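Colleague: I'm new to this one and would like a quick tour. Can I put a few questions to you while we look at it together?

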Amino acid sequence: MRDQRECIRGIVDAVFYSGPTFSAGRLVTPDGGEVKFAGKVYVREHDAVRLEGRWVTHPKYGRQFEAEFLGHDLELDPEGLSHFLANHPDIKGIGPAKARLIADRFGGRFDAAIRNEPESVAVVAKAPIETIGELRRIWIANRDFNHAMAHLAGYGLTHHQVTTLVEKFGSQVIAILERDPYVLMREIPGFGFKRFDKIARKMGTAKDLPSRIRAGIHYCVLNALDDGDCWVEYEDLLDRANTVLVMDRLDSREVIERHLEAMIAEGVLVFQPFERLVVADPEIQRMETELAAFLKMAHQPNPHAVGDVEGLLNAEGAELNPEQREAVKNALAYSISLMTGGAGSGKTYAVSTIASAAEHLELNLVLAAPTGKAAKRLEQVVGHEASTIHRLLGFNGHTYSRDALNPIETDILVVDECFDYRQPILTEHGWRSIGSIVNNKAPVRVWSRNPSTGQLELKPIIRWLKREAPKELICVTAGRSASSRDGRTIRCTPEHKILTPYGYRQAREIRPGEEIIVRGPAFTPQQRSILIGSLLGDGGMGRRRMGHPQVVITHGQAQVDYLTFKQKAFGALSGPLRQGKSGYGSKPVWHMTLATTDETYQIAREMIQAGNHGSGRRRWIPTARFLEWVDELALAIWYLDNGCHAMRAISPAAQSHYASLHTERFGQADNLRLAGFLRARFGLEAKVAPDSRGNCFLRFIKAESERLFGIITPFVPACMEYKIPGRGTYEYIPAVEPQTCIARVRTVERCRPSSRYVFDIEVEDHHNYVAGNIIVSNCSMVDVPLAWRLFQAVDRTKTAVVLVGDHNQLPPVGPGNLLRDLVKSRAIPTTVLTRIIRQAGVLKENSTAILSGEVRPTCEVKNGARRPWYVIDKFTDAGDVRRMLLLLFEEVLQERLGYDLLRDVQVLTPTHKGPLGTIELNVELQRLLQKKLFGFDVPDVEPGHRPRFYAGDKVIQTKNDYELGVMNGAMGIVLGVEQNGGLTIDFDGRAVEIEGGGEALGNIQLAYATSIHKQQGSEFPCAVVVAHKSHSFMQHRNLLYTAVTRARESVIILGDRWGIENCATKRQVDRRNTFLSFLLHPEAKP
């Protein structure tokens, strides 16, 4: 229900949420009343404001004031003036005492005094004249804002837009708008022609105003740049401008042409004659012309040309195929070269060979990529430090420190570690020294850790590396868990990478007491379920020395057989059975500890300590994620640990069973939550009841008890069948022992190498191997402005440049199409990798098949529970596609495929709007995952409003922020949300705080689903790609290819058969109008 428009005044007493375009809070009016408000305004606590809007009745928050416009309330009585001066966040140096002196002395005459007699205000306030001068500026600015708001509100400008205009032009903004509103289009970022034209038309601006026509023409050129085109054909530009300007006169096209000719004559725009005239922004034309001149010198020799290239390649790249070999030879022979190819074509291995060749030649090498994510992946797979192009160029958010006068210092620029001889590595034939393997180029397989499963797998060596040894090596020794047993030792170069629970780190960065991943056991799914059930039951999680989590499983004397069952189930992970005393009394009990694994740390993070039980045992709370791990086996173990059943005769031939779970270690509130979980997960109704000691337990009535027994009986061992009405037959002994766990570093020392050389190997697929029982490691997105900046900072007399990319992917978001222009013109030495290497696998083979118009069906190959390639194409209705997507997140991706729903899975869709666009999908996925993972019910998002953020949300940065150190495309997890809307976000292990209400907050968006363009250069373990006929207007082959190649392990293509096939068969290469297309190949026609 909405009332008539009103105006209310008061002081902002509390802010519930505040952002650049929306705020909600509580206002205290002059008569002391309190008013809840919300609207498209920006407020801060203690602001004196005047709100214009209407009273509404919100379905959830009740009656409140819906604010449409805001002004600063400067019509203040002495009390209000004192409060305003003392509490305004921008006014410094005026506290309550000084504010009271000013208010008592000047009262209603303060405006005239501060404008005309600031010295007298300084005398009364006993404040420096500089402080009063700043107060005068703020007061007048607020007056100007009120005046502008009152004048501009009728033209449809929002509070945020008016604020931006006033901050830029001050009190002159109204005069400027009345004289020529289109000048502001060039001054205010984000204020485009159509927005200003709408304002100007309301102000009575004539359609044939010269500044309007020129602004419309310029808008059409800039709009083409936004679409990726560097120029617009002359006649086409006239048609576009005529459509935009709608001049309502017969000679409109001739009028527009006269103004276009004038703009070209003045140099505002440039033109170039071909078969037809083309028009462009002069800056982009200059960049492409200079870029073409640089690229035309590509065939000049590499300034560090190698004499015996073939000999070097035989030593460093013996495994290269002919295409890869040609690409590496070009890199070593020419000043600029290009290597391009699809997924699985071997670009990474070729780049690795270039890196090793540079090392052999003692040349400096720099690796760079357009985005932080692409740079990180390049660094991981090549084993050489990489950076973003922006960081390489020294960009600080405003200027570049690298240019022609201060070029990049390196010998080889590519755009897109070693061991002691005696170091043993684990091969299929046992332990062998790495030196003997490298010297003999032994074709053995080595054990390599699969990062998805933690299992060790045999993988072939694809490269053998050897170089001069440094003066000193690093010797790292680690022991199993916290003990000193089974020490693991490696002797490696300081830069060699060692795997930790938090990613790879260089050996020189490792310190004693830190955690690393070593060869050792891990939990199987069954073992994890038994552990989860035990922790809910009689098990416990403690912190041993050095802080690592230690699992202890405890049972009474009568249940030794049950503990023995668990010991067998955990296999090598279990310790010996030891006798001790109960925490509840003097009765003897038996204990068993478990080895610490990767998952022990994950599970420990989901057990929140919450005080002590009356017996002295620690209370703890299972998080929503912990409860997600409770399956039927875990429920059975929980019941066998803490459950019991009673029998009652209901007739001479029949008995009734009643089950209960003794959950006294949890408080009443947590018991209620556990009862709700059992209802949601297993359909079991349990009542929370008190026991004789005042603690709580869960009780099941007859029908629910029977349902419980039906679920758990298949998982009950024979030794515990007395706890159920039926027979227990379950037994579990792991057939294959998992092989990695976490250990503590005991010592880190410097040592001397044992020979003249140090050695390393490159391992297929996982790029790691086991050394001394420790796990160790082993430009299609560049637009014209960035490419121009890069080559401006290259000294071609000292530096060779190698461009690497995939010309089959989407072109860059910015203007130009550098990679495809170079491939088409062959203006520089170019190698196109067409051969899919043997190790590429089904995922890359099927991805490449899309380039031939083929979408292969779901594959038969499986890696554990997962397939690399899924196609679900039976949903013609967009609503059905969305429901299936939500079902995947609800029941499949985590439960059956084992993916982390936040960190491993990414939904990719072509559009932002519509039922299958990022906006609506993010709202639905946020609601589902907040409930599933954290037990939180997300309120409905009001129409026209952005969704709010909550702890645990997956988000993405949409603009480079050099002050925060977060780049466009960086993805993170929200750690916390402040009352004022501020966020703490985990960006790749670094907590970043973003203030509420600031511009930085507007650069954060939900990222459960993102556009395909946004994820160029990124990879995820699992990508869910939406391809539906509702997107047919923008579907094409390269779009689908780019999407599926974002997956590292599995891709799920979801949609309808026609939409998926149309996407693969529709050939649209995003042809762009560029100057390079003919400057590099003069006979080409635009």
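Colleague: Let's start with Lys-497: buried or exposed?

Modeller: Keep in mind that this is a predicted model. Lys-497 sits in strand S20, residues 497–500. Its relative accessible area is 13%, and the cut-off for buried is under 20%. So Lys-497 counts as buried.

Colleague: And how far apart in space are Lys-497 and Glu-509, C-alpha to C-alpha?

Modeller: Along the sequence, Lys-497 and Glu-509 are twelve residues apart. In space, the C-alpha to C-alpha distance for this pair is 9.4 Å.

Colleague: How confident is the predictor, and where is confidence lowest?

Modeller: The protein averages a pLDDT of 80, and 82% of the residues score at least 70. Residues 480–487 have a pLDDT below 50, yet this stretch has 20 contacts in the model beyond near neighbours in sequence. Among the named elements, S40 has the highest confidence, at 95. The lowest, at a mean of 54, is strand S36 (residues 774–777).

Colleague: What about Ile-490: is it buried or exposed?

Modeller: Ile-490 belongs to strand S19, residues 488–492. Its C-alpha atom is 9.8 Å from that of Leu-473, which is 17 residues away along the chain. With a relative accessible area of 0%, Ile-490 is buried.

Colleague: Which backbone oxygens lie within reach of the side chain of Gln-906?

Modeller: Gln-906 is found in strand S40, residues 905–909. It has 0% relative accessibility, so it counts as buried. Setting aside residues up to four places away in sequence, Gln-906 touches several others, including Lys-954, Met-971, Phe-1020 and Cys-1022. A polar atom of its side chain lies 3.3 Å from the backbone oxygen of Tyr-1008, and one lies 3.1 Å from the backbone oxygen of Ala-1007.

Colleague: How do helices H9 and H11 sit relative to each other, and at what angle do they cross?

Modeller: H9 covers residues 210–226 and H11 covers residues 252–265, and their axes come within 10 Å. The crossing angle is roughly 75°. That makes H9 and H11 roughly perpendicular.

Colleague: Which residues of H9 make that contact?

Modeller: On the H11 side, the contact involves Val-255, Ile-256, His-259, Leu-260, Ala-262 and Met-263. By class, the contact of H9 with H11 has eight nonpolar, two polar and one charged residues. The H9 side is made by Pro-210, Ile-213, Arg-214, Ile-217 and His-218.

Colleague: Which residue caps the N-terminal end of H23?

Modeller: H23 spans residues 632–642 and is mostly covered, with ten of its eleven residues buried. Among the buried ones are Leu-633, Trp-638 and Asn-642. A side-chain oxygen lies 3.3 Å from the backbone nitrogen of Leu-633, and the residue that supplies this oxygen and caps the helix is Asp-631.

Colleague: Last one: with which side chain does the side chain of Thr-1045 make a polar contact?

Modeller: Thr-1045 lies in the loop between helix H31 (1037–1044) and strand S48 (1047–1055), and it is buried, with a relative accessible area of 10%. Leaving aside neighbours within four places in sequence, Thr-1045 is in contact with Ala-343, Gln-809, Ser-847 and Glu-1019. Its side chain reaches the backbone oxygen of Tyr-1041 at 2.8 Å. The side-chain partner, also at 2.8 Å, is Arg-1046.

Technical notes:
Residues numbered from 1 in each chain as written. Heavy atoms only, no water. Axes fitted to C-alpha atoms, helices over the stretch in contact; angles between N-to-C directions. Helix = DSSP H or I, 4+ residues; strand = E, 2+ residues; numbered from the N terminus. Parallel < 35°, antiparallel > 145°, perpendicular 65-115°, else oblique. Contact = heavy atoms within 4.5 Å. Nonpolar A, V, L, I, M, F, W, Y, C, P; charged D, E, K, R; others polar. Buried < 20%, exposed > 50% of the residue type's maximum accessible area, 1.4 Å probe, protein only. Polar contact = N/O pair within 3.5 Å; in protein donor to acceptor, adjacent residues only side chain to side chain. pLDDT = per-residue confidence, 0-100.
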